[in-house]
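Trainee: Before we look at anything in detail, could you show me how to read sheets, helix packing and pockets from a set of coordinates?

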Amino acid sequence: MDFGQIEDDTAIIYKSNKDLLINTDVLVENVHFSSKTASPNDIGWKAITSNISDLVASGAEEILNITVGLITPPSTEWNWVEGVYEGMEKALNKFGGKLIGGDCSKGKEKILAITAIGSLGPLRLHRANGLPGDCLVTSGCHGLSRLGLALLIDEPIANLKIIPRSLKRKAINAHLRPQPSIEGLRKLEECKPNHLPWRAAGTDSSDGLLEAVESLCLSSGCKGILSYDDLPRDNEWPKGNYWDNWCLYGGEDYELVLSMPESWAAAWIKSMPKAIKIGRLEKGFPKVYWENGEEINNLAFKHF
């Protein structure tokens, strides 16, 4: 009998013949979201998609279940809570997964803690799987979410008048409604050359592109080399260091950042119109450098 999973203190995870991946993300008000810039629907959507992005970046073939821990001040209006859960439901309906339980409590600030469970596919992406000679690639452009946030909070923006309206729309949508790269993982599995083993390193760029590359380097014990000309910029992205910094450090882009053999990377880029090779791994101290040898300082968001 299939009892209602949310009608008890516990929920069953039914036996699977595949390994499971588990991820937990915490979203804190005024750190990860603000009701001044995001609707309750948007907040619920991002709570789910940020977790799904981590599962996908680890090789999850299917999103199975989620649980939700919710903390809000007693003064919180009920329609805010309903809106958050509606946003979560919309994301689950699109990307997969089922709500099976959680808990709620009162507190001084709004906090959403999501635990997501997925089943592992044929490729276990892990940050430590990189090797010297690998290509560094990513599934799409970066910096859009950072620009979207700046627009939503009326932050002063350099050369605001040169930003086309279409780029502004893309940026705001990227910030409020991020899309985990499920298609990128599927294409990656489909295009693997037969002569290669199932080995690739991966993470997502939720904390910024440079942070993602640096994490691959640290875990794999390799030096990373990035090409300035090949930074993953949107085709409408303005030129200049100001904008390149947002591309490198902006965060919350939720793109796959991968290290893999060159022939596999070429096949993946061919199958993914927005994917791009951004650099390579080499033997050396696990830092990230430009091709001219200059070290790239990490200015990405820190959790502590």
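Trainee: Which residue in β4 is the bridge partner of D25?

Mentor: This is a predicted model, in which local features need pLDDT of at least 70 and side-chain atom pairs count only at pLDDT 80 or more, while totals for chains, interfaces and linings use all residues. Residues are numbered from 1 along each chain as its sequence is written, and side-chain values use heavy atoms, with hydrogens and water left out. In β4, D25 has I114 as its bridge partner. Strands (E, at least two residues) and helices (H or I, at least four) are DSSP runs numbered from the N terminus, and two strands pair if DSSP finds at least two bridges between them. Nine bridges join β1 to β4 (residues 111–120), and the two run antiparallel.

Trainee: In what order do the four strands of that open sheet lie?

Mentor: The order is β1-β4-β2-β3, with mixed pairing, and the edge strands, each pairing on one side only, are β1 (20–28) and β3 (98–106). Helix α1 (residues 40–56) packs on this sheet, touching β1, β2 (60–72) and β4, and its direction makes about 145° with that of β1; here contact means heavy atoms within 4.5 Å, and angles run from 0 to 180 degrees between N-to-C directions of axes, which are lines fitted to C-alpha atoms, for helices over the stretch in contact.

Trainee: How do the axes of α3 and α4 cross?

Mentor: Two packed helices are described by the angle between their axes and the distance between the axes. The axes of α3 and α4 come within 7 Å and cross at roughly 100°, and α3 and α4 are therefore roughly perpendicular to each other (the class for 65 to 115 degrees). Residues in the contact include L144, L147 and L151 of α3 and L167, A171 and H175 of α4.

Trainee: And how much space lies in the second largest pocket?

Mentor: Rolling a probe the size of a water molecule over the atoms shows where empty space is left. A pocket, on a 1 Å grid over the protein atoms alone with a 1.4 Å probe, is an open set of points with protein on both sides within 12 Å along at least five of seven lines, and lining residues have an atom within 4 Å of a point. The second largest pocket holds about 680 Å³, and of its 29 lining residues the closest to its centre are G140, C141, L144, E255 and K274. Helices α3 (144–152), α4 (165–176) and α5 (182–190) each supply at least two residues of that lining.

Conventions
Points joined across faces, edges and corners; volume = space filled by probe spheres on them. Parallel < 35°, antiparallel > 145°, perpendicular 65-115°, else oblique.
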